[in-house]
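User: I have a protein model open and would like to read its build. Can you take me through it?

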Amino acid sequence: MNEFDYDLFVIGAGSGGVRAARMAATYGAKVAVAEEYRVGGTCVIRGCVPKKLMVYASKFAHDFEDAAGFGWTVGDSSFSWSDFIARKDAEIDRLNGLYIKNLERHNVEIIQSRAEIESPHRVRLTGQDRHVTAKYILVATGGRPNFAQHLPGAEHMITSNEVFHLEDKPDRVVVVGGGYIALEFAGIFNGLGVDTTVLYRGEEILRGFDDDVRATLHEEMEKKGVQIICNDVISSIEKGEDGLIVKTKGGETLMADQILSAIGRSPYTEGLGLERVGVELDAKGAIKVDEHNRTNIDHVFAVGDVTNRVNLTPVAIREGAALVETLFNNNPTVIDYENIPTAVFTQPEIGTVGMSQAEAEAAFDNLDIYMAKFRPMKNTLAGNDEKMLMKIIVDADSDKVIGCHVLGSDSGEMAQLLGIAVKMGATKADFDATMAVHPTASEELVTMKEPTSRIRKNG
């Protein structure tokens with residue numbers, strides 16, 4: 001007779017939790033996963049997947065405009081928000097069903113209930129008023145949107161949870177925040193013809209990314225009609241006869257039909273019973289784990305955004321897989337978090353891997369910076385003035401490429417391939433030795449021969 005009901009009990013059926021549950025089951029473990037909302041997690045249900053579908057939808061208006069420059073006569077067009085939302089929801093339902101089928105096919109038990117740790121090795125299923133035991137407990141609950149709940153009029157705001165389920169397309173939107181979620185939705189709404197304003201407390205949008213990328217994105221978004229207000233925050237929100245009245249501490253008065261609060265996300269650790277077994281959290285409420293995803297309690301583990309390490313879906317998946325290799329396949333596995341490629345689906349989009357220039361200047365004495373800013377070929381006949389930016393940061397002492405940043409069409413696709421080169425330790429000489437693919441925008445990455453700037457700490 002087994003000592004526990006399950007070998008592994010997973011709390012949260014998002015990307016990391018599902019991967020861990022499925023892999024553990026393939027190694028013969030008895031596994032259950034509890035989910036209080038929908039299987040698939042934030043990314044699949046109300047995150048990157050539906051958001052990317054919305055990005056696609058929002059780009060067609062710009063494509064129709066560009067087509068005229070290539071001889072096309074585009075007739076009257078219109079957009080149906082309700083039709084799009086219905087199609088988007090149907091696709092999310094399909095993906096949700098696939099996640100469920102994959103878990104069931106691997107004999108993972110899915111429990112549709114909120115789960116809380118009750119005591120060591122013991123989990124309470126609050127929706128079913130019962131408890132189960134497990135040899136190992138994995139917390140993979142992800143994150144949740146931050147919300148300024150004490151702001152006067154906060155009840156009139158929505159978050160990235162609700163934005164996917166709006167019944168009607170608003171005419172005017174104020175997006176609060178300057179991170180990737182805020183800016184991606186600003187591009188979506190703007191592309192769909194919504195009067196869009198971004199309100200951000202910082203000096204420049206997209207903090208943490210390369211400064212040239214940030215400045216160029218700001219410029220290009222404003223060209224498309226997005227109003228960006230920095231160094232300001234909301235002081236109050238009121239409901240008026242003509243919509244929501246947003247007042248800022250900087251003296252601005254903005255009118256909106258919807259206000260999207262996109263001021264970041266926090267680890268979802270509240271109410272999970274972690275304190276009952278003494279699981280340590282950091283100052284931001286994230287679960288503290290070691291390199292093997294183990295908490296200070298030997299049978300409790302955590303992966304994904306709930307640990308607030310690198311909050312990306314592919315990272316959570318890798319962490320879930322590494323945990324299972326360590327626990328159930330006698331193969332202790334540690335994740336390498338260096339040089340993770342990233343895409344931001346702003347308009348124009350961003351692809352990046354490695355260090356920003358500011359990070360590189362702090363870490364290296366001598367740098368060579370290669371940068372090109374140009375109008376790609378497609379935009380010439382279209383009469384589109386959108387610029388593309390490509391930037392390579394090189395450690396001048398070793399010639400190693402330590403950062404690569406692209407802003408423009410299909411940058412996310414480029415980032416995946418650039419990630420391989422940078423991860424392998426490619427040098428600028430390797431880039432130079434690579435034959436260009438012509439005519440493409442990406443050929444610029446292998447044809448920039450002279451640095452646009454040189455940084456030398458010792459003269």
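User: How many helices and strands does the protein chain have?
Analyst: Bear in mind that this model is predicted. Helices and strands are both present in the protein chain. The count is 13 helices and 23 strands.

User: What is the radius of gyration of the protein chain, against the globule rule?
Analyst: For 459 residues the globule rule gives 23 Å. The chain comes close to that, so it is as compact as a globular protein of that length. Its C-alpha atoms fill a box of roughly 75 × 65 × 45 Å along the principal axes. The radius of gyration is 24 Å.

User: What share of the 459 residues count as buried?
Analyst: A residue is buried when its relative accessible area is under 20%. Of the 459 residues, the share that passes is 49%.

User: Are H1 and H8 roughly parallel or roughly antiparallel?
Analyst: H1 covers residues 15–26 and H8 covers residues 313–328. Their axes lie 7 Å apart, at an angle of about 30°. Angles under 35 degrees count as roughly parallel. Therefore H1 and H8 are roughly parallel.

User: Which class has eight residues in the contact of H1 with H8?
Analyst: H1 contributes residues including Ala 20 and Met 23. H8 contributes, among them, Ile 317, Val 324 and Phe 328. Four residues of the contact are polar and two are charged. The class with eight is nonpolar.

Technical notes: Residues are numbered from 1 along each chain as its sequence is written. This is a predicted model: local features need pLDDT of at least 70, side-chain atom pairs count only at pLDDT 80 or more; totals for chains, interfaces and linings use all residues. Side-chain values use heavy atoms; hydrogens and water are left out. Axes are lines fitted to C-alpha atoms, for helices over the stretch in contact, and angles run from 0 to 180 degrees between N-to-C directions. Helices (H or I, at least four residues) and strands (E, at least two) are DSSP runs, numbered from the N terminus. Angles under 35 degrees count as roughly parallel, over 145 as roughly antiparallel, 65 to 115 as roughly perpendicular and the rest as oblique. Contact means heavy atoms within 4.5 Å. Ala, Val, Leu, Ile, Met, Phe, Trp, Tyr, Cys and Pro count as nonpolar, Asp, Glu, Lys and Arg as charged, and the others, Gly among them, as polar. The radius of gyration is taken over C-alpha atoms; the globule rule is 2.2 Å times the number of residues to the power 0.38. Buried means under 20% relative accessible area, exposed over 50%, partly exposed in between (1.4 Å probe, protein chains only).
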